[in-house]
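Please look over the structure before reading the points below.

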Amino acid sequence: MISRTTLVVATLGGTQTLAWGSTYYLPAILAAPMADDLGVSSGVVFAAFSAALIMAAFLGPFAGRRIDRLGGRGVLALSNLIFATGLVLLAAAQGTAMLVAAWLIVGAGMALGLYEAAFSTLARLYGSEARGAITGITLIAGFASTICWPISAWLETELGWRWTCIAWAAAHIAIGFPLNRFVVPASVQPVEPATERPAPFVSSTAPAPQTATIALLAFVFAATWFTSTAMAAHLPGLLELAGATPTVALTAAALIGPTQVAGRLLEFGVLRSFHPLLSARLAAIAHPLGAVVVLGWGAPAAMVFAALHGGGNGILTIAKGTLPLAIFGPADYGFRQGILMVPARFAQAGAPFLFALLMERYGASALLLTTVLGLASLAALLLLNPSQKAQSI
């Protein structure tokens, strides 16, 4: 018989797949037809999408605070209604203003319905024991692009981009909303106030206040999300600049999804018996290692780079949920997650444009920036030591 926890993880994994596939991964398929139909450039569509990410950054802490107080069921269910509204307005857009407005509404849904909200929901349900559940939903939702890109592409070919948006809106109403509303439990685990619970984490050199630890984590998350988003937007073209043929570049890029899942399986199996800081450190060094290899050896190393980047990125996605839980505990987890992800959302919003400029000017050597960011993230993680107790503030 399926346990209640397994059912919750499967439900959130499914609704997260829908949430990511119908929003974050939508522009990759629909940006070009949207732009052609509306008479604007694809850059305008991606700019509107970036505005959605910024909206999510602003609203994230408020959504997290709500989940801290009342649990995540209502917030996640509301996100489905907001996603559906934004997608319907997107389908009805006739110009730039309505396009931007629709994406801003989708961005509000992102604040309430993507990983941060799901992680916070699990933290309120299972407290400090939520690590396995967090890993579980990322294992399922790691296939969001693999599943939803072909669906979006088929719908766009058969029905057009507007009806594709309508179809995803209908999925949120018919599938996402009832699952989040009626399967996710309403009950939450009581947690002690954050001011009464010392955070079991400090600097390796001296006791660090929580604000310093938060700053270090916020930097790590921002740097790694910048790299992740830049690679998602430009990886095939980047590998071609490194000397790979289009076929090799696309084949290597296709490895990202499977290696992300492989990294998450490694975390779920071997690494779950260790502190999540170890997982984060290993993941942070993966992209820089791959970048050094591909810059040194060029096209023959394309597959190695993709595998290292994908595996590291898969583990880092989990670390964004498990590290704050291990560091600070479940008290005020949702609000803290929202704060931590504000810089990451801004970095994510600017990554495709900035990295495109670097590629245009420096070619594959643009990877030097993400290499430095990865090494700086590792350095920040090395300043934290799981073996000591932090002083509360």
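H13 and H16 cross in a left-handed sense. The model is a predicted one.

**Helices H13 and H16**
- Helix H13 covers residues 276–297 and helix H16 covers residues 367–382; their axes come within 9 Å and cross at roughly 155°.
- Angles over 145 degrees count as roughly antiparallel, so H13 is roughly antiparallel to H16.
- On the H13 side, the residues that meet H16 are Leu277, Ala280, Arg281, Ala284, Ile285, His287, Pro288, Ala291, Val294 and Leu295.
- On the H16 side, the contact uses Leu367, Leu368, Thr370, Thr371, Gly374, Leu375, Ser377, Leu378, Leu381 and Leu382.
- By class, the residues of the contact of H13 with H16 are 14 nonpolar, five polar and one charged.

**Helices H1 and H8**
- Helix H1 (residues 4–21) packs against helix H8 (residues 144–159) at an angle of about 55°, and the two axes are 9 Å apart.
- H1 and H8 are therefore oblique to each other.
- The crossing of H1 and H8 is right-handed.
- Thr17, Trp20 and Gly21 of H1 make the contact with Ala144, Ile147 and Cys148 of H8.
- Four nonpolar and two polar residues form the contact of H1 with H8, and no charged residues take part.

**Nonpolar cores**
- The largest nonpolar core has 82 residues, of which Met34, Leu90, Trp103 and Leu122 touch the most other members.
- Another core lies apart from the largest one; it has 28 residues, including Ala223, Ala249, Ala253 and Ala351.
- Not counting residues up to four places away in sequence, Leu90 touches Leu26, Met34, Leu99, Ala102, Trp103, Trp161, Arg162 and Cys165.

**Ala111**
- Ala111 sits in helix H5, which runs over residues 96–113.
- Ala111 counts as buried because its relative accessibility is 9%, and the limit for buried is under 20%.
- Beyond its neighbours within four places in sequence, Ala111 contacts Ala56, Leu59, Gly60, Ala63 and Ala117.
- Ala111 and Thr251 are separated by 140 residues in sequence and by 33 Å in space, C-alpha to C-alpha.

**Asp332**
- Asp332 lies in the loop between helix H14 (302–328) and helix H15 (333–362).
- The phi angle of Asp332 is near 55°, a positive value in a residue other than glycine.
- With a relative accessible area of 30%, Asp332 is partly exposed.

Technical notes. Residues are numbered from 1 along each chain as its sequence is written. This is a predicted model: local features need pLDDT of at least 70, side-chain atom pairs count only at pLDDT 80 or more; totals for chains, interfaces and linings use all residues. Side-chain values use heavy atoms; hydrogens and water are left out. Helices (H or I, at least four residues) and strands (E, at least two) are DSSP runs, numbered from the N terminus. Buried means under 20% relative accessible area, exposed over 50%, partly exposed in between (1.4 Å probe, protein chains only). Contact means heavy atoms within 4.5 Å. A nonpolar core is a set of buried Ala, Val, Leu, Ile, Met, Phe, Trp, Tyr and Cys residues joined through side-chain atoms within 4.5 Å. Axes are lines fitted to C-alpha atoms, for helices over the stretch in contact, and angles run from 0 to 180 degrees between N-to-C directions. Angles under 35 degrees count as roughly parallel, over 145 as roughly antiparallel, 65 to 115 as roughly perpendicular and the rest as oblique. A crossing is left-handed if the near helix is turned anticlockwise from the far one by less than a right angle, and right-handed if clockwise. Ala, Val, Leu, Ile, Met, Phe, Trp, Tyr, Cys and Pro count as nonpolar, Asp, Glu, Lys and Arg as charged, and the others, Gly among them, as polar.
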